[in-house]
Amino acid sequence: MLEIKSLRKTYGGQGRTVEALRDITLTVEDGQFVCVVGPSGCGKTTLLRCLGGLLTPTSGEVKVAGQTVTGPPDGLAIVFQEYGRSLFPWLRVAENIELPLKSKGIGRAERRKLVDESLSAVGLGDAGKAYPWQLSGGMQQRVAIARAIAFQPKVMLMDEPFAAVDAQTRADLEDLVRTVWQRFGMTMLFVTHDIDEAVYLGQRVVVLSASPTSVLENLDIDLSDERDQLKTRSEARFVELRTHVYARIQEAKGVAAR
Ligand SMILES: Nc1ncnc2c1ncn2[C@@H]1O[C@H](COP(=O)(O)OP(=O)(O)OP(=O)(O)O)[C@@H](O)[C@H]1O
């Protein structure tokens, strides 16, 4: 379970103070798929970094599996937007996936098994010997997802992971993430600026306000668990939900008030 209580994060230094998060309170139950959307610059990445133990909150509390986060928590994996910078170009795909497993102290035979399983889970069963730069952008992001899966995380954080891939690849990767989540049952927190993507993927969508940032809405996505790019997106309820989220974000940006 993820528990965020009255989280505030202020960046300081060089005479400039930025209050990225004012007051965030949010709980994600074990095994839930929650998407976070909000206006640009409202602190979505900052929120994920606090959860991942990469940033220290200014005040408030962040807990993963009952433990207060003070550094990267056990059993938590993050997939970033910039796959090009998160994979090591001098290591083959299989070696990239294996590296965090080595630091976890997993033996060689088990590592090999996890690498093979995770690559086939993302449809890249034959790419282990390639170098990342020999693969397309979408394939590299699949490798980043495979690396996260191989780590067998209980919690997976994804920070706009498909922002840099083309629309068709993006749809494939969205379905891949749903499949992986259903198969492995991890808790998923997925940050995106794409409202349709958030409603399509999540069981819940958390809408953040513009800065000073707080939670504007925590919306239950009452669509069937079986999502389909064509069918789901054309359902009346999907359209209602995405229109509602869009309106809330416009409101958050102050457009509705103008
Ligand atoms: N290291 C930093 N130092 C100072 N200010 C920062 C730092 N990182 C982020 N900020 C500021 O904090 C605020 C929130 O940034 P953050 O990247 O978390 O927002 P975001 O919602 O993820 O943005 P986007 O939707 O544009 O990706 C912004 O005003 C940003 O300029």
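Mentor: Start with the distance: the centres of domain 1 and domain 2, taken over C-alpha atoms, are 25 Å apart. Domain 1 is 2-75 + 155-253, and domain 2 is 84-152. These bounds come from an automatic or database domain assignment. Residues count from 1 along each chain as its sequence is written. The model is predicted: local features need pLDDT of at least 70 and side-chain atom pairs pLDDT 80 or more, while totals for chains, interfaces and linings use all residues.

Now the boundary. Here 10 residues of domain 1 are in contact with 8 residues of domain 2 (in contact: C-beta atoms, placed from the backbone, within 7 Å). On the domain 1 side, helix 6 (residues 167-184) gives the most, with 5 residues. Helices are DSSP runs of H or I, at least four residues, and strands are runs of E, at least two, numbered from the N terminus. That side of domain 1 has 9 nonpolar residues, 1 polar and no charged ones. Nonpolar here means Ala, Val, Leu, Ile, Met, Phe, Trp, Tyr, Cys and Pro; charged means Asp, Glu, Lys and Arg; the others, Gly among them, are polar.

Because 11 of the 14 residues of helix 5 are buried, helix 5 is largely enclosed by the rest of the structure. Buried means 20 or more other C-beta atoms within 10 Å of a residue's own, exposed 12 or fewer, and partly exposed in between, with C-beta atoms placed from the backbone. The buried residues include Gln140, Gln141, Arg142, Val143 and Arg147.

At 1.5 Å a residue, helix 5 should span 20 Å, and its end C-alpha atoms are 20 Å apart, which agrees. The expected span is 1.5 Å times one less than the number of residues. Just after helix 5, Gln152 takes a positive phi of about 50 degrees.

One record to set beside this. An unreviewed UniProt entry annotates residues 2-235 as "domain: ABC transporter". Such annotations may be inferred rather than shown by experiment. That span is 34% helix and 25% strand, and its end C-alpha atoms lie 31 Å apart.

Notes
Two residues are in contact if their C-beta atoms, placed from the backbone, lie within 7 Å.
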